[in-house]
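Hi there,

Here is the structure I promised you. Have a look at it first, and then read on for what came out of it.

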Amino acid sequence: MDTIFFNGCIRTLDDSEKVAEAVGIENGRIVFVGTDKEAEAFSCKKRIELK
């Protein structure tokens, strides 16, 4: 994964109106949406804290 943005409040547009804490990007595409804890399992080039 190229970049993980974490420690944020990310609102998804799915029917459940899920709120995530982290998003992973690879090759310009979103490949992961989930919790900060789940994001820790991925290796990546850059981690950006959203505060």
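A residue counts as buried when under 20% of its relative accessible area is left, as exposed when over 50% is, and as partly exposed in between (1.4 Å probe, protein chains only). By that rule, buried residues make up 25% of the 51 residues in the chain.

Please keep in mind that this is a predicted model, where local features need pLDDT of at least 70, side-chain atom pairs count only at pLDDT 80 or more, and totals for chains, interfaces and linings use all residues. Residues are numbered from 1 along each chain as its sequence is written, and side-chain values use heavy atoms, with hydrogens and water left out.

Now the fold. You will find one helix and six strands, in the order β-β-β-β-β-α-β along the sequence. Helices (H or I, at least four residues) and strands (E, at least two) are DSSP runs, numbered from the N terminus.

Which strand does E4 pair with? Strand E4 (residues 22-26) runs antiparallel to strand E5 (residues 29-34), with five bridges between them; a pair needs at least two DSSP bridges. One of the partners in E5 is Gly-34, which bridges to Ala-22. Two residues lie between the strands of this hairpin, and Asn-27 has a positive phi near 55°.

As for contacts (heavy atoms within 4.5 Å), 41% of those with a separation of 6 or more join residues 24 or more positions apart. The C-alpha trace spans about 30 × 20 × 15 Å along its principal axes.

Enjoy exploring!
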